[in-house]
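Here's a quick tour for anyone meeting this structure for the first time. We'll begin at a pocket and then look at charges and rings.

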Amino acid sequence: MTWIETRSDLKPKTLDGHVSLLNSRILPAFGDVRLRDIRAIDVEQWVSGMAREGLSPSRTRQAYNVLSSSLKAAVRSDMIRVNPADGAKLPKIKINEMRHLTPAEVETIANRVEDQYEVLVYVLAYCAIRAGEAVALRRRNVNIVRSELRIVESATEINGRIEFGATKNRRNRNVTVPKFLVKRVEEHLNSYVAQDPDALVFGSPLGGPLRLSNFRHRVWTPALEGTDLEGVRIHDLRHTAASILINQGLHPKIVRQHLGHSSIVVTMDRYGHLYPSDTEPVRDALDATFETGLIGSTTPSVEPEADQMQTGA
């Protein structure tokens, strides 16, 4: 059995990506090399070689992580003593600036997409669910009375087919729907969704699951053409939801729950810069401490030594 066949913990899309990297990047370089003959310098030359070929830093890191994981498994199995991939220098990933839309910009997009997907834009921008979670949302998971969406699965497109599975962090959650949107969701259900409890809320025009690749090409991009919003990504609607909550002063714990992050650390790492700066209270506290320390302080006097007080003959 090979290492990849033991990775039953991986989601289908992640597993497919690992297999792709194994076949395209790892096996061509190390497939014929004995494990004990792989040196640290070999791994670093392999990494730098991918960079010279023009492979993106992100994809290069993904390939490295797959190789390193397989070598760690070999260490655990006593096939090699150390992991030669440990400590390899990796290319830095440029962090793209997040785009946060205004309510007016969200409205513009919602008005320009096809009517069937108007509510999808609002749900992504205000309910903050992931696009894959929206694709997998079913009628039975929409509670109009409680103004909630129950997020229990996500859809992923793999090699031309749609795979339904667990959410990103494998946790189910309830998401609040704002009052202004509840009526629109209800109208959407009545107009576009079959009565079957398992019917998908945001399906394709021809029926069946919505393919995000098709939606992006046929609906999203054309809707943005000729506006100042060209280049805005579907995922930016999720960033918009986070920005709205933070600007309204909600605690990070609440933001984390609404977005479905695995921990508050993820929330703060991603959106902490949007919170108001705490530098002013810090400055005031330091100034107050400094000033308090000076109150009542005097310059210590120096007592003359005994022999200095003696007068000579």
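Two helices, α1 (12-30) and α3 (57-76), each give at least two residues to the lining of the second largest pocket. Helices here are DSSP runs of H or I with at least four residues, strands are E runs of at least two, and both are numbered from the N terminus. A pocket is an open set of points on a 1 Å grid over the protein atoms alone, where a 1.4 Å probe fits, with protein on both sides within 12 Å along at least five of seven lines; lining residues have an atom within 4 Å of a point.

Before going further: this is a predicted model, where local features need pLDDT of at least 70 and side-chain atom pairs count only at pLDDT 80 or more, while totals for chains, interfaces and linings use all residues. Residues are numbered from 1 along each chain as its sequence is written, and side-chain values use heavy atoms, leaving out hydrogens and water.

Back to that pocket: the volume of the second largest pocket is about 460 Å³. It has 21 lining residues, and W3, L22, L27, L35 and S70 sit closest to its centre.

Now the charges. There are 13 salt bridges, each a side-chain nitrogen of Lys or Arg within 4 Å of a carboxyl oxygen of Asp or Glu.

| Pair | N to O distance |
|---|---|
| D37 and R34 | 2.8 Å |
| E105 and R99 | 3.8 Å |
| R138 and E153 | 2.7 Å |

D37, at 35%, is partly exposed, and so is R34, at 48%. Elsewhere, salt bridges link R130, E133 and R173 in a network.

What about the rings? The whole structure holds 5 aromatic pairs, meaning Phe, Tyr or Trp rings (for Trp the six-membered one) with centres within 6.5 Å; planes under 30 degrees apart are stacked, over 60 edge-to-face, and the rest tilted. Y122 and F180 are edge-to-face, because their planes meet at 85°, with the centres 6.1 Å apart. Y122 is in helix α5 (residues 118-126) and F180 in helix α7 (residues 179-192), 58 residues apart. Y122 is buried at 1% relative accessibility, whereas F180 is partly exposed at 36%.

Conventions:
Buried means under 20% relative accessible area, exposed over 50%, partly exposed in between (1.4 Å probe, protein chains only). Grid points are joined across faces, edges and corners, and a volume is the space filled by probe spheres set on the points.
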